[in-house]
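Biologist: I have a model open and want to learn how to read it. Can we take a few features in turn?

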Amino acid sequence: MVNDVAVCDRLFIVASRIRVVEQAGTLVADNGIHQTELLSIESLVNEFYHPGTSNARKHTIEGQLQQFQRSPHAWALCLQHLVQFNNQYFWFFNVSTVEVTISQRWVSLDENNRAQIRDSLWTTYAGFSHDIPGMQRDKVAQLIALIGKRQFPEEHPDYMNQVLELLKSKFILGVTLLRSTSDEITSTKADITSDRQKYLSYCVSMYLPSVFEILEKYAELCITRTSCKNGISLAHLPPPFGDDARVEQATMDLLLCVQQIFSWAPLDNITEPHFFQSLFMLARWNEAFNDVSISALTTISELFYRQKPLPLPTVIATGVIDLLQQPTLKLSNELYQDKLTELLRLFTSQQWSKWSKDPHFPAMSYLNSLFQYTFFGYGALAFTERLTIWTPIVQSFAAMAENGAVSKHSDKLISLASGTMKRMLFQYDFDQQLEMLDNEELDDDNETELQHFFNQCIDTIALIAEIEPIRVYDMAFSEFASDASGPYGQVLSTIGGMLLNGSSYISPRPAHPLLDEESRSALRCKFRDFISLCQIIARVSPLLHERSEKISASMGRLIEDLVKLVEMVSSASGDPLEYFFVNLQPLAGELADVIGQTLITLRSLLIVTHIPFGEAEMMHFLGCIPRFLSPPQKVKRDQLKTLTSAAAQLLLSVSANLRPKYLVQLIKPLVHSDLRHLERSTALTMRLAICNCFVLPWAGCSAAEQNFEGRAALLQEYIAFIAGDLIRLDLGHTFSSSNPSLDYGQEEKIVTVATVVLSTLRDLLEYYQEQSSSVKQMLAAAYRPVIEKTLAIYSAASSKNCVLIEKIFEFCLGILRTLQVQLGQVFLKNIILLFLGKTKTEQISSQRFRSLVILLKMFLLIVEQPGNASLLPDILNFSIDHVLPMVFSNEFMCKSEQSGHADVSLSLYQLFNGILLQRWQYFYKSSVLKQLTPSSSGNIQQPQSALEHPEQFAAIMNAYGQAIVCGNDPHITRATLQSLEALNDRWKLYQREFFRENLLQSFEAAIIKALVAPEGILHYELFLAVLFSMGQVETKRLHETFTGIGFPAESQQVEEVCLASDYPTFAHRMNQLIQDTKCCQLNGSAS
């Protein structure tokens, strides 16, 4: 191991002996530097990368190397070794030293040093051969581009001419340097001023016609050479790429460079079509050079990512169509087709609305080719990706249909809908693409891969149905009930064949031909197709209301048949589908899904279609549904969860939309069931259907027949039944208001009960948030005993039982969301004071974060509703005196506590925003309209009313300021900025005397500093908007703010920012000022 001190000494000897002398304008290293001393640096680098070197030793070496890099003329020594590649570690250390000099110390170098670095790099780069390793080539090109970024055109006017010469003489080097130059133009690093950045972009763009002229020749050469494997001779072609074997890589480099140029360059002055035509030729499928074809597609797509008008749009549109009509397109690989799909999606989304109105555009030819492309995809998911290409096309036709225009492309759309529907059906899945989709694992949207595929297909069919609803319905219905072998016929024959007269199961017949594997597989496909077609019909049916008597009659017959199917299964003895689960297990699950989908389809049809039978038949049908929701005897609950969910959803829909009076009697068997045999969501749906029968008006009944008083009593009885376990809890004979106490065992039991009961009642109440006041009055009366019992439990519970308190708070939050007005101010005040009184006496710990968040949300609901003014002082005192210090405390900084602490902080700031927006009169009582009445001069008078409760107002504003200054949580920072803007828009906050005299300049200073800081990019636009509004209060103050934080008082940029009277001008000038400030900071710290 080399001694640290000795190595460090040798390092300083090297640095000290680098003496530069001027000879003919070039700096050279002093000849006194010996080779042994140069090798000491290299040995240090080698030791750093040696696998046996410890981390501690690496840390020491790193510091020594950085110290060497900071020495004044280290770059001069490193430049000499950029042509040597025998040691890659040492080479990259040398090049990084030069990069540090350019990036951080450029402004401190004199003109001769800059020239030496630039000329040495150019000489080194131009001397590279074609087989130079890509990393070395790219790195030196980057260094040259960094210098060009700083010197072109003033100090180095020949920069772009040299780039063009390299393109002609050494294409690989030239195109790499051109790409590096383009990279620096789009770089977001603030190492040059904004004016300099724009000027550089402008100057480079002046050379683009010459660049494209050269690149076009090479592109044509690439086209010819990539065709050589088809037998074309290369004898007559010049070899500009150095080696024909490198033609593919050269073409890829060309395309990558062009893609980068497309991302930023103005292309308006490009009038010659040849270069773009060459790109489309390269983008055609070429099996021998498939990477080139794919790269060309990506390059063309960049034109659309720009979101700017296309250059030569006719050429590009023609090129896209030609790509779509390639004879060999079906032979292309998956990646190529994916890239083409993306290009087509971009083209149609951005250009279809324009080209569809052009009589010269071959729309029919394009649609025919797109149709063929859509259906020869390599898989199911690729098919749905191609369907998205059609979305803007179909939407444009839908807009035409709304205006009464008949689309001449209707037949093509129907063909698309028909083809899409067949892609959903297993009976047409000859390639077994559907079988490859997962139908078990759920994604984030709670869908399987197969169902996601179906949903995307149905979305397209539904979009087409908005234009041609009748034809789409006929198409789906004809497929659905075409003949006895169709999906519908197979479902009826399978179920009916095993049920005797629709009333009871027949004797078991295990020896049945449909039980063999092949028959079961065929039936499974029919069942799945039945489900898919039902989904289509259910989606399309709302578009068909009163469209056609023929359609109405067809839908009526469909309803009747589906109802008979449900009645047939429901009326059988035993559990629903019990026979199938016992004797036909492989198909029982699909049969359950079939009946479930039947119920879902009926739910949609019954709402939008005339019911084809009378009240008695409807009663009989609805009377069958509760049987699906009864506790199963022999069938497992999980096997019927799809069916039970659909049955509950149907009853909920009927109770909410049709609202027949007799429904309350039909579902009576379920009223006194705890529904524990159902999934939680299904049980909630069923309870909602029951409650609807009690609270919603019955259809077709007079006011006298509604019997709301009796139904209110039934509702109270039902809520008491649900909450029975909670209400029956014994809090102990020693419990009293003066001596509240619960022992540990009681609290554990209460937690168990409260978790179930209070969650159920909260979810139930949430459904009625938008209901009428009369409905909420009935609910408030029914819930009051539960609320009182819950408050008694809270009073008796220990503050250490965080879970119980959290459940109680969640329940009360739900109560406030729905029943705040109906409970009355006195009752509400007692609840809040109880919560405040107990929470104030407790020390807020990290375990209480969740319950504290819920409490703050309760406060927010209260302040957002009119009334309850007497609670506001208590809410403010608690928030400012108890919660705010905890938010600013560093006590909860461990990782496990940070999330909860952030939630509390965000909830507090949201509460402050609600208080200031909705309860402004608490701080300023005078009329805002009077304050803002125009004076005789026509100017708006500034608000002059006195501030009340200034300490609380100042505390909230200081909290806002802390959120901007600290910026620890981006969500809080954003919420604060949005709140400030909302307060100023509504209440003219920035013009208020208290804010203007005490807070305005502090906020302005904090925002300016945040804009300059790296984190400011997260909320850049919001910061600018707030600063502009504040600056409009008084220009002089804004200028004082800038000078107060270190900006020069005589700065012309600052003056222009302060004088900007409109936001676009202000934002533009601030962008320039911020970028130039960052550039100065970077160069200043480097020097």
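Biologist: Which residues does His677 touch, not counting residues up to four places away in sequence?

Modeller: First, the ground rules. This is a predicted model, where local features need pLDDT of at least 70, side-chain atom pairs count only at pLDDT 80 or more, and totals for chains, interfaces and linings use all residues. Residues are numbered from 1 along each chain as its sequence is written, and side-chain values use heavy atoms, with hydrogens and water left out. Contact means heavy atoms within 4.5 Å. By that rule, His677 touches Leu629, Ser630, Pro631, Pro632 and Arg637.

Biologist: Is His677 buried or exposed?

Modeller: Buried means under 20% relative accessible area, exposed over 50%, partly exposed in between (1.4 Å probe, protein chains only). His677 has 15% relative accessibility, so it counts as buried. Its side chain reaches the backbone oxygen of Leu629 at 2.6 Å.

Biologist: How do I read a helix pair? At what angle do H19 and H20 pack?

Modeller: Helices are DSSP runs (H or I, at least four residues), numbered from the N terminus. Axes are lines fitted to C-alpha atoms over the stretch in contact, and angles run from 0 to 180 degrees between N-to-C directions. H19 (residues 410–424) and H20 (residues 449–465) pack at about 160°, with axes 9 Å apart. Therefore H19 is roughly antiparallel to H20 (over 145 degrees).

Biologist: Which residues of H19 and H20 meet?

Modeller: Leu413, Leu416 and Ala417 are among those in H19, and Phe453, Phe454 and Cys457 among those in H20.

How values were computed: Helix = DSSP H or I, 4+ residues; strand = E, 2+ residues; numbered from the N terminus. Parallel < 35°, antiparallel > 145°, perpendicular 65-115°, else oblique. Polar contact = N/O pair within 3.5 Å; in protein donor to acceptor, adjacent residues only side chain to side chain.
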